Amino acid sequence: MDVYVGARLRMRRSMLGMSQEALAAALGLTFQQVQKYERGANRIGASRLFDLARALGVAVDYFYEDMGEDVVAASPRHMARAVVEPDVGQPDIMTSRETLELVRAYYRICDPEIRRRVHQLAKALAGLTGAPGE
């Protein structure tokens with residue numbers, strides 16, 4: 001779970017184009033401490049998580065969004081009863097460099113109409129046009 005929260009921290013910081021040094025300075029930390037949080041090597045306490053959320057412009061629950069059942073099963077409460085190590089499954093595509101670069105480039109498009117058209121193009125290329133709910 002600490003690794004998952006750290007990955008969400010890294011993803012949000014990267015999406016904002018913020019360096020580890022800048023985030024560390026905003027929180028009165030060293031960039032090494034931010035690195036440890038992002039790797040999940042150090043657990044993030046409640047008050048620090050609150051500060052991180054504010055510095056990154058998200059709600060605290062952002063760090064837990066889209067958490068898979070495999071991660072939930074790895075929580076201390078569940079692990080106390082577990083007999084087998086949970087399968088970590090596929091890597092999260094939202095943490096890949098390619099995804100982050102794509103999202104950053106998309107949000108640099110200033111014209112909302114062009115951004116809407118790029119979104120439509122991406123969906124069409126992925127074969128998602130006409131999907132239910134559109």
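**Close-up views of an all-helix predicted model**

The protein chain exposes about 9,200 Å², and carbon and sulfur atoms supply 56% of that area. Accessible areas come from the Shrake-Rupley method with a 1.4 Å probe; for residues, only the protein chains shown count as cover. This is a predicted model: local features need pLDDT of at least 70, side-chain atom pairs count only at pLDDT 80 or more, and totals for chains, interfaces and linings use all residues. Residues are numbered from 1 along each chain as its sequence is written, and side-chain values use heavy atoms, with hydrogens and water left out.

**View 1. The fold has eight helices and zero strands.** The pattern along the sequence is α-α-α-α-α-α-α-α. Helices (H or I, at least four residues) and strands (E, at least two) are DSSP runs, numbered from the N terminus. Of the 134 residues, 24% count as buried (under 20% relative accessible area; exposed is over 50%, partly exposed in between; 1.4 Å probe, protein chains only). Among contacts (heavy atoms within 4.5 Å) between residues at least 6 apart in sequence, 54% join residues at least 24 apart.

**View 2. Confidence is highest in helix α2 (residues 20-27) and lowest in helix α6 (residues 76-79).** pLDDT is the predictor's confidence in each residue, from 0 to 100. The chain mean is 84, and 84% of residues reach 70 or more. Where pLDDT is low, the predicted coordinates should not be read in detail.

**View 3. The largest nonpolar core has 17 residues.** Such a core is a set of buried Ala, Val, Leu, Ile, Met, Phe, Trp, Tyr and Cys residues joined through side-chain atoms within 4.5 Å. Leu9, Leu23, Ile44, Leu52, Leu56, Val58 and Phe63 have the most contacts inside the core. Helices α1 (2-15), α2, α3 (31-39) and α4 each supply at least two of its residues. The largest share, four residues, comes from α4. Neighbours within four places in sequence aside, Leu9 is in contact with Leu23, Tyr37, Glu38, Ile44, Leu52, Leu56 and Phe63.

**View 4. Arg8 lies in helix α1.** Arg8 counts as buried because its relative accessibility is 5%. Not counting residues up to four places away in sequence, Arg8 touches Tyr62, Phe63, Glu65 and Asp66.

**View 5. Val60 is found in the loop between α4 (46-56) and α5 (69-73).** Val60 counts as partly exposed, because its relative accessibility is 32%.
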